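Dear colleague,

Please find below the structure that I am handing over to you. My notes on it come after the display.

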Amino acid sequence: MDIRTELSQGKPLLFDGAMGTYYTSFPGRAEAPCELASLSHPGEITAIHEAYLKAGCQAIKTNTFAVGAHLASGKEDLAVHLTEAACRLALEAAAPYGACVFADLGPAPAGTRLTPADTYRRQADLFLAQGLTHFLVETLPTDEGIPEFARYLKAHCPESFLIVSFAVGFDGVTRDGLRGRELIQRTAALPEVDAVGFNCMSGPRHLLECIRDLDLNGKPLSV
């Protein structure tokens, strides 16, 4: 599937849901970090991918939401192994359906040995090495490191497709106290970002209010 062609024709792109929420619903997995399951219980991660695909999803995310935290804290080898395993599982699951696979990046932690921009850039290298060219940076409370990451990604993979998504409460404010509408409009102005949006923390009614009358520079909206 060519995402740019689909979106230019006004067609929606239907994603899967939250991997972590689904995984913790499995018996005995309520407290288990789902990213580690790509190595310890790969069959369960594949089953989740396939459930979403059978339900009609056209794009799935790699099971890597919290891997950036491992990377930023110095657990380089673990981050590499988790990324490789998660990419393999997602690509194998998506192939029979012709679905897209997005590299999933959660918020990069601050105050570690790596800056957020450094963490995102290193993750980009890991995903690109696995052949992924679609990226989703999601559930963000801030845009710190995003401009640098976006420039780096496009410089190393000009054909990449990058979605940046923020998380806001019912009041439209992130947990870092920043207004989501301002973050999303600022990010939409970055030429290297392909689509922007909101996810998590709010339900449909509040998210509809957040996206009303947004100026996204003509870019697609993810919500």
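This is a predicted model: local features need pLDDT of at least 70, side-chain atom pairs count only at pLDDT 80 or more; totals for chains, interfaces and linings use all residues.

Residues are numbered from 1 along each chain as its sequence is written, and side-chain values use heavy atoms, with hydrogens and water left out.

The largest pocket has a volume of about 850 Å³. A pocket here is an open set of points on a 1 Å grid over the protein atoms alone where a 1.4 Å probe fits, with protein on both sides within 12 Å along at least five of seven lines; lining residues have an atom within 4 Å of a point. The volume is the space filled by probe spheres set on the points, which are joined across faces, edges and corners. Among the 37 lining residues, Asp16, Lys61, Leu136, Glu138 and Asn199 are the closest to the centre of the largest pocket. Elements that each supply at least two residues of this lining include helix H2 (19–23), strand E3 (134–140) and helix H10 (204–211); helices (H or I, at least four residues) and strands (E, at least two) are DSSP runs, numbered from the N terminus.

Strand E2 (residues 100–105) has six of its six residues buried, so it is largely enclosed by the rest of the structure. Buried means under 20% relative accessible area, exposed over 50%, and partly exposed in between (1.4 Å probe, protein chains only). Cys100, Phe102 and Asp104 cover one side of E2, and Val101, Ala103 and Leu105 the other. E2 pairs in the parallel sense with strand E1 (residues 59–61) over three bridges, where pairing requires at least two bridges found by DSSP. Four bridges join E2 to E3, also in parallel.

The structure holds eight aromatic pairs. Rings of Phe, Tyr and Trp (its six-membered ring) pair if their centres lie within 6.5 Å; planes under 30 degrees apart count as stacked, over 60 as edge-to-face and the rest as tilted. Tyr22 and Tyr52 form an edge-to-face pair, at 5.4 Å centre to centre and 80 degrees between the planes. Tyr22 lies in helix H2 and Tyr52 in helix H4 (residues 42–54), so this pair ties together parts that are 30 residues apart in sequence. Ring pairs link Tyr22, Tyr23, Phe26 and Tyr52 into a cluster.

Yours sincerely
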